[in-house]
Amino acid sequence: MNCVNLVITGNPGVGKHTIADLFIKQDSSYQIFDINKFAIEKEFGEQGNDGIEIDTVKLKDEIQKLNLDKSLIVGHLAPYVLEKSNIDFAIILRKNPYDLIEIYKKRKYQESKIKENAGSEILGIIANDSIASFGKEKSFEIDATNKTPEMILEKIYNIIDNQKDADIVDWLRLVEEKNEISKFFDY
Ligand code: ADP
Ligand code: MG
């Protein structure tokens, strides 16, 4: 595998850290750069009603000063704090919103935070914002639902090597079919 800067992004709970840890286990020449951890270390986070709120403008400035060569950059804020030129591939992990809700409940997220994050997954906001920041040619979605971490990693290798094996994900249809749009959105 060539030397690439790889981003793993996606909503909380999609499996970013699980996959990143497995990736590093297979290739220890990579370093994980954890965006949230860095933000907290640099004290760019502020306690909000729904957990930590991060000043992404300051964070982006600080990240741009770093040398991120051969990094595996992990975090849901990736599209807002990285430039297209910083990275080679952005992997956006997606997960069925109904599965995500179960993960959020286990994490004891507040109801409003569950709704916000599941809603973001349904609308594909991070995928959309990745494409806006990094371009279509560098953004690849993987549906992580019902896949083992090993299967997901295999898809990431395929994407890096062949720019193939990405998924097309549309949860909106699924939620619409269940007639549950109003469960997630207050309008
Ligand atoms: P993130 O870093 O995106 O918030 P995590 O890696 O913490 O996500 O994973 C969220 C939860 O889902 C964890 O409990 C983790 O063990 C589980 N998990 C992650 N990936 C998978 C997978 N491919 N299959 C089943 N469970 C997974
Ligand atoms: Mg995580």
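The largest share of the shell around ligand 1 comes from helix H1, which gives three residues, where a residue belongs to the surroundings of a molecule if one of its heavy atoms lies within 4 Å of it. The model is predicted, so that local features need pLDDT of at least 70 and side-chain atom pairs count only at pLDDT 80 or more, whereas totals for chains, interfaces and linings use all residues. Residues are numbered from 1 along each chain as its sequence is written, chains are lettered from A and ligands numbered from 1 in the order in which they are written, and side-chain values use heavy atoms, with hydrogens and water left out.

Of the 14 residues around ligand 1, those that come nearest are Gly 13, Lys 16, His 17, Thr 18 and Lys 147. The shell divides into five nonpolar, six polar and three charged residues, on a scheme in which Ala, Val, Leu, Ile, Met, Phe, Trp, Tyr, Cys and Pro count as nonpolar, Asp, Glu, Lys and Arg as charged, and the others, Gly among them, as polar. Several polar contacts, that is, pairs of N or O atoms within 3.5 Å (within protein, one must be able to donate a hydrogen and the other to accept it, and residues adjacent in sequence count only if both atoms are side-chain atoms), can be followed here. An oxygen atom of ligand 1 is 2.8 Å from a polar backbone atom of Lys 16, and an oxygen atom of the ligand is 2.5 Å from an N or O atom in the side chain of Thr 18. A nitrogen atom of ligand 1, in turn, has a backbone N or O atom of Lys 147 at 2.8 Å. Of the 560 Å² of accessible area that ligand 1 has on its own, the protein covers 65%, with areas taken from the Shrake-Rupley method with a 1.4 Å probe and, for residues, only the protein chains shown counting as cover. The elements that give two or more residues to this shell are helix H1 (16–26) and helix H8 (149–162); helices (H or I, at least four residues) and strands (E, at least two) are DSSP runs, numbered from the N terminus.

In helix H7 (residues 125–134), the residues Ile 126, Ala 127, Asp 129, Ser 130 and Phe 134 are buried, where buried means under 20% relative accessible area, exposed over 50% and partly exposed in between (1.4 Å probe, protein chains only). They lie on the same side of H7, because they cover an arc of only 165° around the axis, the arc being that of the directions from the helix axis to the C-beta atoms. The buried residues of H7 pack against strand S1 (6–9), helix H4 (78–81), strand S6 (89–94), helix H6 and strand S7 (139–143), contact meaning heavy atoms within 4.5 Å. Just after H7, Gly 135 takes a positive phi of about 90°.

Helix H5 (residues 97–106) can be read in a similar way. Its buried residues are Pro 97, Tyr 98, Leu 100, Ile 101 and Tyr 104, and they are on the same side of H5 because their arc around the axis is only 150°. They pack against helix H6 (111–123), helix H9 (171–177) and helix H10 (181–184). At the start of H5, a side-chain oxygen of Asn 96 reaches to within 2.8 Å of the backbone nitrogen of Tyr 98.

Two loop residues remain. Glu 43, in the loop between helix H2 (35–41) and strand S3 (45–48), has a positive phi near 60° and is exposed, with a relative accessible area of 68%. Gln 163, in the loop between H8 and H9, has a positive phi of about 55° although it is not a glycine, and at 45% relative accessibility it counts as partly exposed.
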